[in-house]
Amino acid sequence: MDRPDTWKYAVDDDPYLEPHSEHLEYRWKQYLSIKEQINKNEGGLLKFADSYKTNGLFKVPGSIVYKEWAPGATQLCIYGDFNGWVKHEFAGQKDHFGFWVVKLPDSRDGKPLIPHASKVKVHLTLADGTEADRIPVWSRRAIQDPNSPVYPTLESVFWNPPTKFKFENPKPPRPRHLRIYEAHVGMSSESCKVATFREFADEVLPRIKRQNYTVSERYPAGTPEYYFLH
């Protein structure tokens, strides 16, 4: 259970933190406040961690929905290949929490308005009136454009294949104790290149297992400046 004075244990364990006690107490209270808001409005941390299921661009019966939290924006639009890159055609509505929702109804023949693998972007109008184009924060797939003058440039695509992926292997048993190894796949090679998931599985995972780690937390096989887009 989280107690208001839990932060004191850190100072007891490490006396060098004593000069920073006031700031540690402040940060702990901030954590408790935000956690209380998440529990109240999102139904708990576990449901909050499943936000990827309800945010971003996804297919629902009769339409495609885009949802993103952008409380500082005054307008949010989704555009891309599917509408000739017209920025303001599909604008969203913002709720009192700062979430924007854009709904794109299916065409008359029942097909999704955005075809599978189409490139998409988000257009924002900010509070000061400036406009900005961004890769959707909740992108489920991003590809590199090798022809871009600034390489590598990532582009977001709407991923909605007609045949859904099915896992072929059973889920591994849950470990009794967590010992987590944080792995950056793209930087895991000794060579001067971006490593692939295949190379990581063949060369790094066996070493992690030999060192008795029970969980591998993996980051994408992209270059570091794009890690936070995933």
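Colleague: In this predicted model, with which residue does the side chain of K59 meet in a salt bridge?

Modeller: Side chains of opposite charge can pair when their charged atoms come close. A salt bridge requires the nitrogen and the carboxyl oxygen to lie within 4 Å. For K59 the N to O value is 3.2 Å, and the partner is D106.

Colleague: How many residues apart in sequence are the parts that K59 and D106 tie together?

Modeller: K59 belongs to strand β1 (residues 56-60). D106 is found in the loop between β5 (99-105) and β6 (119-126), so the pair joins parts whose separation in sequence is 47 residues.

Colleague: Is K59 buried, partly exposed or exposed?

Modeller: Buried means under 20% relative accessible area and exposed means over 50%. The relative accessible area of K59 is 30%, so this residue is partly exposed.

Colleague: Which residue forms a salt bridge with K87, and where does that residue lie?

Modeller: The closest N and O atoms are 3.0 Å apart, and the partner of K87 is D133. K87 itself lies in the loop between β3 (73-80) and β4 (93-94), so the pair ties together parts 46 residues apart in sequence. K87 is partly exposed at 31% relative accessibility, and D133 is partly exposed at 29%. D133 lies in strand β7 (residues 131-134).

Colleague: Which strands are linked by the salt bridge of E155 and K119?

Modeller: The two side chains meet at 3.0 Å, N to O. The pair links distant parts of the chain, 36 residues apart. E155 is in strand β9 (residues 153-157) and K119 in strand β6.

Colleague: How many salt bridges are counted?

Modeller: Among them are K59 with D106 and K87 with D133. The count comes to 6.

Key: Residues are numbered from 1 along each chain as its sequence is written. This is a predicted model: local features need pLDDT of at least 70, side-chain atom pairs count only at pLDDT 80 or more; totals for chains, interfaces and linings use all residues. Side-chain values use heavy atoms; hydrogens and water are left out. Helices (H or I, at least four residues) and strands (E, at least two) are DSSP runs, numbered from the N terminus. Buried means under 20% relative accessible area, exposed over 50%, partly exposed in between (1.4 Å probe, protein chains only).
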